[in-house]
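Look at the fold shown here. We start at a pocket, then follow the strands and loops around it.

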Amino acid sequence: MPININNKCNFARQRGLSLIELMIAIPLGLLLMFAVLQVFSGSVQGVNLQHAYSRVQENGRMSLQLLSRDIRGAGFLGCYRGDTAINNLLDTEDEDYDDSLLPSDQATVAGEDNVSANTSIAGITVKEGSDTLTLHGAQSFADIKLDPDKKLNPKSADIHIIKQSDKEEVIKQGDILLIGDCTAADMFTVTKADPFQSGNIVHNTGKINITRAVDNKSKELSKAYGLSAQILTPYVKNYFIGENSAGGYSLFRSEDGSASELVRGISDLQLLYGEDTTANGSVDTFSDASAVVDMDNVRAIRVQLLSESGDASSAPLLQRTYTLTVNIRNRTLR
């Protein structure tokens with residue numbers, strides 16, 4: 001069979017790419033890959049930026065919500081308005097007694113402006129230059145009612161309540177409680193557990209063998225409370241900016257001597273107090289804690305928070321300041 005030399009030569013020419021073709025194809029391929037990577041990188045950055053913005057927004061919203069709720073409720077002691085001093089049955093000489101952790105009939109709000117270095121609250125280092133806020137008040141028990149069939153004897157150690165054996169015990173031995181109506185209030189330590197089972201909240205004198213429990217110096221109440229009286233649990237809450245376990249900053253709240261981390265990414269807290277200096281029922285001026293004439297005349301608090309994204313290992317992607325003015329309801333509604 002005759003051999004077609006021309007066909008063999010044409011076949012040989014189709015076996016690969018020439019150097020010129022490679023020099024053209026490789027740069028074009030690299031250019032195309034670079035364009036794809038740029039689009040991908042831009043998409044990732046956009047997603048990360050959106051997540052960072054969402055974190056900043058959510059952190060600020062949650063922080064303001066927590067703060068505003070407690071500011072509005074500060075000073076609540078049932079219908080008691082502090083016309084007379086709270087009758088304190090606690091033993092002030094007890095080593096576990098800490099006046100800073102207990103409510104008073106006057107102190108509703110307090111604060112420190114631009115805290116100094118090495119300040120700590122409940123073992124957490126407070127950020128230098130930030131403000132702290134202290135709120136006093138009490139929370140009521142909606143399901144605890146005085147027993148209408150048993151008259152309260154103010155000299156007795158028993159406060160008779162309606163038994164609710166199916167209820168979880170929310171009052172425990174060693175808890176500090178208030179009983180009060182619109183004219184008086186008494187503060188004491190619960191000396192016996194299971195009030196729902198026994199139907200009695202006992203506040204006797206004598207040593208309570210529970211860690212950090214404060215003994216009662218007296219069991220005698222200031223009056224024979226009627227059915228309108230409420231049982232409340234007092235609190236003192238401190239809000240501050242502290243260093244978290246990751247080396248960044250968070251919004252903390254301390255209560256009963258222990259601190260809880262509420263929201264991460266909050267790096268500053270600044271407060272202004274709205275004072276009613278002319279006793280006309282409205283705020284006349286806002287000033288920081290160091291310039292307030294009388295904290296008893298404060299009717300509102302202006303909160304300013306700095307929320308940020310990022311962590312301690314990288315610069316924050318975003319920062320945003322949130323500001324909210326909150327009325328203290330128990331003072332503006334008097």
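**The largest pocket**

The largest pocket has 23 lining residues, and Gly174, Asp175, Ile176, Arg212 and Asp256 lie nearest its centre. The model is predicted: local features need pLDDT of at least 70, side-chain atom pairs count only at pLDDT 80 or more, and totals for chains, interfaces and linings use all residues. Residues are numbered from 1 along each chain as its sequence is written, and side-chain values use heavy atoms, with hydrogens and water left out.

How is such a space found? Rolling a probe the size of a water molecule over the atoms shows where empty space is left. On a 1 Å grid over the protein atoms alone, a pocket is an open set of points where a 1.4 Å probe fits, with protein on both sides within 12 Å along at least five of seven lines; lining residues have an atom within 4 Å of a point. Grid points are joined across faces, edges and corners, and a volume is the space filled by probe spheres set on the points. The largest pocket holds about 560 Å³ of space.

Its lining has twelve nonpolar, five polar and six charged residues. Here Ala, Val, Leu, Ile, Met, Phe, Trp, Tyr, Cys and Pro count as nonpolar, Asp, Glu, Lys and Arg as charged, and the others, Gly among them, as polar. Strand E7 (176-180) and strand E10 (230-243) each supply at least two lining residues. E10 gives the largest share, three residues.

**The chain as a whole**

The chain has four helices and 16 strands. Helices (H or I, at least four residues) and strands (E, at least two) are DSSP runs, numbered from the N terminus. Of the 334 residues, 38% count as buried. Buried means under 20% relative accessible area, exposed over 50%, partly exposed in between (1.4 Å probe, protein chains only).

Follow E10 onward. E10 and E11 run antiparallel, joined by seven bridges. Two strands pair if DSSP finds at least two bridges between them. Glutamate 243 stands opposite tyrosine 249 in E11. The two strands form a hairpin with five residues between them, and glycine 247 in the turn has a positive phi of about 90°.

Strand E11 (residues 249-255) is largely enclosed by the rest of the structure, because five of its seven residues are buried. E11 then pairs with strand E12 (residues 258-264), antiparallel, over six bridges. Phenylalanine 252 faces glutamate 261 in E12 across this pair. E11 and E12 also form a hairpin, with two residues between them. Aspartate 256 sits in that turn with a positive phi of about 55°. Aspartate 256 is also one of the residues nearest the centre of the largest pocket.

**Loop residues**

Most residues other than glycine have a negative phi, and most peptide bonds are trans. Arginine 212 has a positive phi, near 70°. It lies in the loop between strand E9 (200-202) and E10. Arginine 212 is exposed, with a relative accessible area of 52%.

Asparagine 114 also has a positive phi, about 50°. Its place is the loop between E2 and E3. Asparagine 114 is partly exposed, at 44% relative accessible area.

Threonine 119 lies in the loop between strand E2 (109-112) and strand E3 (120-121). Is threonine 119 buried or exposed? Threonine 119 is buried, because its relative accessible area is 17%. Threonine 119 touches Ile124, Thr125 and Val126, leaving aside residues up to four places away in sequence; contact means heavy atoms within 4.5 Å.
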